[in-house]
Amino acid sequence: MFLVANWKMNMTRALIDEYLDVLSESSIWGTLDGSRIRIGIAPSHVYLDHVVLGIQNRDLPIIVLAQDVSTRTSGAFTGEVGMPNLLDIGVKGVVIGHSERRRFFHETDENVVIKTDLSLSADMVPIVCFGESGSQRKRGKTFSVVKSQIEPVFKGVKKARERGITSPFYLAYEPVWAIGSGQNATPADIHEVAKYVSEEFSWPDPPAFLYGGSVSSDNIRSLSSLGDLSGFLVGSAWLDPHALLHSADLVRQLNRPVREGVHVK
Ligand code: PEP
């Protein structure tokens with residue numbers, strides 16, 4: 001299971017050091033050895049370098065992901081952070097198309113495809129987020145919204161695989177109404193969307209799904225038992241390193257086979 005903490009626009013250098021110290025002092029790592037659990041942290045861009053170094057210095061087997069990447073790779077694009085910048089500092093993955101970027105910063109499906117392709121080509125693990133809003137769900141539009149978001153991504157992944165790119169690829173079902181609301185999607189909600197996305201498109205390899213939206217230590221066990229899931233993308237709850245460790249331990253105890261592994265290089 002791939003467990004990814006999305007820190008969003010939170011944390012400071014001091015808090016990051018405390019967080020990494022808590023992880024480093026935990027005895028969990030021995031128990032995770034040989035398990036299928038991988039942990040990822042997605043800090044804001046400004047702290048990526050600090051987190052990469054902090055993890056290396058503490059010898060923690062954690063993957064660092066960016067919360068976004070530019071569609072451009074270099075040049076006169078003030079304020080942007082490109083894939084070569086992320087690669088240069090040792091980032092291994094990138095969250096793409098998060099609903100907060102779609103909603104507040106005009107992220108488009110076209111850009112999501114470009115960013116996914118850049119990630120796969122760079123052997124950087126992409127986590128492509130998708131999901132419907134509460135009003136779209138109420139109006140029975142869940143599948144049509146999911147289709148419009150996933151279809152272009154599917155075509156891009158297919159082309160990348162045809163070009164011989166084999167990097168791991170994750171989809172994160174993050175219904176907008178569940179994010180930060182305290183109201184998680186039920187296993188049945190997640191299952192019907194995962195089933196739809198798996199069956200509607202002829203993926204070159206079966207898609208690996210993460211779920212995100214109000215995941216906590218209270219619900220992670222029941223959500224983990226869902227065979228469709230390969231992990232979780234979690235915001236608020238995992239701003240607390242103890243909660244991340246507790247969740248990792250709960251998921252470890254289930255010892256469930258998962259669809260896709262992430263390699264830590
Ligand atoms: C997220 O923003 O990716 C997320 C899942 O947030 P939360 O866990 O706070 O709902």
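Residues are numbered from 1 along each chain as its sequence is written, and side-chain values use heavy atoms, with hydrogens and water left out. Because the model is predicted, local features need pLDDT of at least 70 and side-chain atom pairs count only at pLDDT 80 or more, while totals for chains, interfaces and linings use all residues.

Ser167 is buried, with a relative accessible area of 5%; buried means under 20% relative accessible area with a 1.4 Å probe, protein chains only. Its side chain makes a polar contact of 3.1 Å with the side chain of Asp123, a polar contact being a pair of N or O atoms within 3.5 Å, of which, within protein, one must be able to donate a hydrogen and the other to accept it, and residues adjacent in sequence count only if both atoms are side-chain atoms. A polar atom of the Ser167 side chain also lies 3.0 Å from the backbone oxygen of Leu120.

Turning to β6, Tyr170 and Ala172 on one side and Leu171 and Tyr173 on the other are all buried. Strand β5 (residues 125-130) pairs with β6 in the parallel sense over 4 bridges, where pairing requires that DSSP finds at least two bridges between two strands, and Tyr170 is the bridge partner of Ile127. Strand β7 (residues 208-211) also runs parallel to β6, joined by 4 bridges, with Leu171 opposite Phe209.

Technical notes. Buried means under 20% relative accessible area, exposed over 50%, partly exposed in between (1.4 Å probe, protein chains only). Helices (H or I, at least four residues) and strands (E, at least two) are DSSP runs, numbered from the N terminus.
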